[in-house]
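Here is a short note on the aromatic contacts. Please read it with the model open.

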Amino acid sequence: MSLAGKNALVTGGSRGIGRAICLRLASMGAHVFINYVSNSAAAEETEQMIVAAGGVADILGFDVADSAACNDAIKDLIKNFGSLDILVNNAGITRDGLMARMKEDAWDAVLDTNLKGSFICSKAAARSMMKKRWGRIVNISSVIGFAGNAGQVNYAAAKAGMQGLTKSMAREFASRNITVNSVAPGYIVTDMTRELSEDIQEKIKAEIPLASLGNPEDVAGAVAYLVGDDGAYVTGQTIHVNGGMYM
C-alpha cells in the first residue's frame with residue numbers, strides 16, 4: 001500500500017498515537033506533516049525519527065481549535081506542496097471531572113479541540129481534496145464516545161460527536177472520491193496511561209477480553225488500512241481498536 005506522492009497531515013502528531021500514525025504513513029511513502037500546539041521538542045523528535053528511517057516530514061505548529069491559524073496553515077501547505085491528500089484528525093485533550101462540578105470552560109475546551117477542531121481542519125482540507133477528486137480523512141474517536149465514562153462527559157460528547165461528523169462528511173464527499181472514516185481506540189499505552197497506578201491498569205485489563213492495553217501501532221495500522229488502496233471502498237465506518245472492550 002504505497003502512499004508515494006501523497007501529502008498527509010496528522011494533527012496532534014508529535015506524541016503517542018499521533019506519532020505512531022506519522023511514522024506509519026511516512027513508512028508507506030507519504031510526505032507527513034506533523035502538527036503540534038505546544039510541545040515543539042516532541043514534534044522535532046518525531047520528525048527526526050521519520051527522517052532517520054528514510055521518510056519525509058515537516059512540522060506545522062497551530063491550534064486546531066483556532067480556525068484562522070488552521071486555515072492559514074493548510075492553505076500554505078497546499079500552496080507550497082501542491083495538495084493535501086490525507087488528513088488524520090488526532091488532536092485531542094481531556095479536562096476530566098464529574099458533570100456536577102464541571103465548569104463550562106472545561107466543557108468548551110474539550111469540545112473546541114476534539115470536535116470543532118476536526119470540523120475546521122476537515123473543511124480546510126476538503127477544498128484541495130475536492131479539486132483533486134481524491135482524499136482520505138480519518139477521525140480518531142474513542143471507545144469512550146460509544147460506552148461513556150464517568151468523569152468524562154465532555155470527552156465522551158466530543159468523541160461521540162465525531163461519529164456524526166464522520167458519517168455526514170462521508171455522505172457529502174463520496175461523489176468526489178473522498179472517504180471519511182473513524183478509528184476508535186480503547187485503552188492504549190501512551191504517556192497518559194503510563195501515569196495510571198498498576199492497580200488501576202490491572203482493573204482496566206480485567207475489563208478487556210484480550211487482557212492487555214493496546215499499542216499506538218495498533219491504531220496506526222487501522223489508519224494505514226483506511227488511507228491505503230485496500231480501504232478505498234470503505235467510507236462512513238468506524239474501526240474499533242480496543243481488544244474487545246466494546247463490541
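1. Exposure terms come first: buried means under 20% relative accessible area, exposed means over 50%, and partly exposed lies in between (1.4 Å probe, protein chains only). By that scale Phe-146 is partly exposed, at a relative accessible area of 28%.

2. Ground rules. This is a predicted model: local features need pLDDT of at least 70, side-chain atom pairs count only at pLDDT 80 or more, and totals for chains, interfaces and linings use all residues. Residues are numbered from 1 along each chain as its sequence is written, and side-chain values use heavy atoms, with hydrogens and water left out.

3. The structure holds two aromatic pairs. Rings of Phe, Tyr and Trp (its six-membered ring) pair if their centres lie within 6.5 Å; planes under 30 degrees apart are stacked, over 60 edge-to-face, the rest tilted.

4. Phe-33 and Phe-81 pair edge-to-face, 5.0 Å centre to centre with 70° between the planes. Phe-33 sits in strand 2 (residues 31-36) and Phe-81 in helix 3 (residues 67-81), 48 residues apart. Helices (H or I, at least four residues) and strands (E, at least two) are DSSP runs, numbered from the N terminus. Phe-33 is buried at 2% relative accessibility. Phe-81 is partly exposed at 39%.

5. Phe-146 and Tyr-246 have ring centres 5.6 Å apart and planes at 45°, so this pair is tilted. Phe-146 lies in helix 5 (residues 144-147), Tyr-246 in the segment after strand 7 (238-241), so the pair ties together parts 100 residues apart in sequence. Tyr-246 is partly exposed at 30% relative accessibility.

6. The charged end of Lys-6 sits over the Trp-134 ring, 3.8 Å from its centre. The criterion: NZ of Lys or CZ of Arg within 6 Å of the ring centre and within 35 degrees of the ring normal.
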